[in-house]
Amino acid sequence: MSDEKKLFKVTIDNITVEVQPGTTILNAARQIGGDIVPPAMCYYTSLKGSGGKCRTCLVKVAAGSAADPRPMPKLVASCRTNVMDGMVVENITNPSVLEARKGVVELLLINHPLDCPICDQAGECHLQDLSYEHGVESTRYEFNRRTFDKHDLGPYIQLHMTRCILCYRCVYVADQISNKRVHGVLDRGDHSEIATYIKQSLDNDFIGNVIDVCPVGALTDRTFRFKNRVWFTKPVDAHRDCPTCKGKVTLWLRGDEVLRSTARKDQWGEVSEWICNTCRFEKKKTSDWIIEGPTVVNRQSVIGQGHYVNITKPRETISDVMGGRPPKLLMDIHNVSGVNNVDLSEIPGPASGKTFEEDPHAFATNPTDRKKPELNSNHELE
Amino acid sequence: MGRKILIDKVHIEGIRFFDTYRKNGGYASLEKALKISPAEVVEEVKKSGLRGRGGAGFPTGLKWSFLAKPEGIQRYLVVNADESEPGTFKDRYLMEFIPHLLIEGMIVSSYALGANTAYIYIRGEYAWIIDILQKAIDEAKEQSFLGKNILGSGYDCEIFIHRGAGAYICGEETALLESLEGKRGNPRIKPPFPAVKGLWDCPTVVNNVETIAAVVPIINEGGDEYALIGIGKSTGTKLISACGNIKKPGVYEIDMTISVEEFIYSDEYCGGIPNGRRLKACIPGGSSVPILPANLLLKTAKGETRLMNYESLADGGFQSGSMMGSGGFIVLDEDQCIVRHTYTLARFYRHESCGQCSPCREGTGWMEKILLNIERGKGKMSDIDLLWDIQSKIEGNTICPLGDAAAWPVAAAIRHFRDEFEWHVQNPEECLRRNYGLAGYAEPLEAVIS
């Protein structure tokens, strides 16, 4: 290829990366990885037109480009803003960005039921991750939350509109993946809802993918509902020869039992290869599948917190963000305190090994450390 | 007496119809424009210094010159007649009484932009105006001022009317385009701007009714002549729709050199406050712009007389100023309750938020609920700070300006009338029976500062 395009240099939180022209700020940040990647609740790489709605990925553009280094006046949605050559972006290094993001998280949660203990999505919910990483510990919202009735959208999918954060991802799936649009958004404002017109079922070979793209527990798999918590299941990669789709899935096993199958997600929780309804809902035996091995878990998730074999940690970016300088600490406790150089047995106080091993009559200052024989001997003296 | 150039002929009987309009100098600007090149028409508009009358006040000539002009791709002119801002009704007046002025302005503007199709996106509630406009279009077509080969110049132009379905958000230009395309009226994420990718992905200019109507006198008299009217960068005349506690509500054309005080109290305009009441506050540019207390409205923070124009109303930023906006001039007298007023606006914005992006969707509802609590005497002191915090989280973080429009009135009400909010919280029973009244708002500014 002779027509090599000039790469754009973009600096995100003091880390410079070269990307193709036309890349968004979010994708440039994802090429760097680690803490500096803005969270994204509505953006989905494979869905055209998605993004820009949830406003969690807001970043500050401190310099528009090398040619025009003026900063952008407002915070911009990094998922829908393309990089320019010489752009300087501030994400976690800018307090106003963090403040705005905190505000968005709080606003996203005011109408969310927070019913995580009974929600099937708990453990792999992007809203849980988001509020844990960027939210505040409590809400200032004191009013009734908006609620909707649950709807069964056909035999496989259930809609809990109450949990929805209106990211529109499922609408784009119905628009772009399946061959007819069957659902959309009705009404407007905080009472708008994802719905099928007159409660029709979602009837399409690929409509099950709306479950995978849903960042929260609004669209759930009826064949998996209340069967198990995701952190008790073990994900394995598997495939089968499917006439409709590529048949590459992640199976979620408990013992030998297939509890559910989902499309494979990358480290940003996004599906690149959609799967059909047959693979997702109907093939629930291990004999239907050729199992490849444990799924790589490379996102923080409750599954990764257990003794799971296949975990890859994201890149550590903190020292790069700080310009090569280690994080500023109040004091380096290892140098200042010298706590590691002390022989514990020399400290008057709680019993140490010596108390028991070397001198059976050793006398410690701690009254509870007195040994029985000693007490007895004292008693005898009296 | 201010100079009138837009609605000077409104009182002529039958001006709504083509014959009378033509006899009174109508369509002269079209004849004049067709003799010069489109670029020269744009140049005239640039020279005139005309600023968008829809609210933002962006220079129209500049907007037109941003229009992308790729070969072989259709361009569109869209007229924003979705006038839904509470307190604004100037476009309705123009379209209802002198519809040919808009049609004439649209043909001239389309010619200048090289567009062969123009749309009027009109608010659905203006049902009878649609008939008036349609009749005007039909008349113009009969006389070959519209349609194929206009006046033998070889230029074709068609105008279509599209009716909105009652959503305030469709007054935002990209939501308007979505709605015009037959989709849900959600604002688009910018960039790309409509000038590059607008209606059906073609370059599009979206202008307010009054802006397009103002093109007619600009071409008739010349851009330089038009620029002489007014003051500074606020050239030309502006329609102000005055309402609220004034003796003579209605649409007034001003030349932007008169003071706010004169506008409210002179008999030529609003005629003062009725029933011997005194002025408490005013929203000078439609419900979205910050409210100002009487003392800051009549005089700027520097002590200068505030004039009815873009710069003077915005003097002092949002700390002590407001905006010209769309010219919806809402006057509140001493009997009005600011908390109730702010609640009404918050309820409006909650109802009209499209629900696309989260800060506006959730934040507007939250603000409304808190304001209702304070209004009903169930509020807490911390609620006022909370309101302030919520509005700051919405402002600037949304896709379209509706989030800002919802945040600004709340912010301004707390900034200028915090004592009234506190009084509501401290006197939960009294606030149900009576209003806070005038307090210090009408005192001269010096007295308040010292």
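**Chatting through the A/B interface and beyond**

Me: How much area do chain B and chain A bury between them?
Reply: Chain B and chain A bury about 2900 Å² between them, with 51% of it on carbon and sulfur atoms. Buried area here is the accessible area (1.4 Å probe) that two parts lose on being put together, summed over both. This is a predicted model, where local features need pLDDT of at least 70 and side-chain atom pairs count only at pLDDT 80 or more, while totals for chains, interfaces and linings use all residues. Residues are numbered from 1 along each chain as its sequence is written, chains are lettered from A and ligands numbered from 1 in the order in which they are written, and side-chain values use heavy atoms, with hydrogens and water left out.

Me: Thanks! Which residues in chain B lose the most area to chain A?
Reply: Those are Glu362(B), Trp366(B) and Lys393(B), which together make up 23% of what that side buries.

Me: And how many residues are in contact?
Reply: 32 residues of chain B are in contact with 35 residues of chain A, where contact means heavy atoms within 4.5 Å.

Me: How many salt bridges and polar contacts cross over?
Reply: The rule finds five salt bridges across the interface of chain B and chain A; each is a side-chain nitrogen of Lys or Arg within 4 Å of a carboxyl oxygen of Asp or Glu. It also finds 17 residue pairs in polar contact, both at pLDDT 80 or more. A polar contact is a pair of N or O atoms within 3.5 Å; within protein, one must be able to donate a hydrogen and the other to accept it, and residues adjacent in sequence count only if both atoms are side-chain atoms.

Me: Which helices of chain B supply at least two residues each to that side?
Reply: Helix H15 (338-352), helix H16 (358-375) and helix H17 (381-394) of chain B each do. The largest share, ten residues, comes from H16(B). Helices (H or I, at least four residues) and strands (E, at least two) are DSSP runs, numbered from the N terminus.

Me: What about Lys393(B), what does its side chain meet in a salt bridge?
Reply: The side chain of Lys393(B) meets that of Glu99(A), at 3.6 Å, N to O. Both belong to a network of salt bridges that also links Glu106(A), Arg140(A) and Asp389(B).

Me: Now Arg188(A). Where is its place?
Reply: Arg188(A) is in the loop between strand E8 (183-186) and strand E9 (193-196) of chain A.

Me: Buried or exposed?
Reply: Arg188(A) counts as buried because its relative accessibility is 17%. The cut-offs are under 20% relative accessible area for buried, over 50% for exposed, and partly exposed in between (1.4 Å probe, protein chains only).

Me: Which residue does Arg188(A) form a salt bridge with?
Reply: Arg188(A) pairs with Glu352(B), the closest N and O atoms being 3.0 Å apart. Glu352(B) lies in helix H15 of chain B and Arg188(A) in a loop of chain A, so the pair joins two chains. Both residues are buried. The side chain of Arg188(A) also reaches the backbone oxygen of His351(B) at 2.8 Å.

Me: Changing topic: which residues touch the most other members of the largest nonpolar core?
Reply: Ile103(B), Ile120(B) and Ile122(B) do, in a core of 63 residues. The largest share of this core, nine residues, comes from helix H6 (residues 99-113) of chain B. Apart from this core lies another, of 60 residues, among them Val206(B) and Ile370(B). A nonpolar core is a set of buried Ala, Val, Leu, Ile, Met, Phe, Trp, Tyr and Cys residues joined through side-chain atoms within 4.5 Å.

Me: Why is helix H1 of chain A largely enclosed by the rest of the structure?
Reply: Because six of the eight residues of H1(A) (residues 25-32) are buried. Among them are Ile25(A), Leu26(A) and Arg30(A). The buried residues of H1(A) pack against strands E1 (8-12), E2 (15-19), E3 (58-63), E4 (76-77) and E5 (87-90) of chain A. Just after H1(A), Gly33(A) takes a positive phi of about 85°.

Me: Last one, Arg70(A): buried or exposed?
Reply: Arg70(A) is exposed, with a relative accessible area of 58%. Arg70(A) sits in the loop between E3 and E4 of chain A. Leaving aside neighbours within four places in sequence, Arg70(A) is in contact with Ala62(A), Ala63(A) and Gly64(A).
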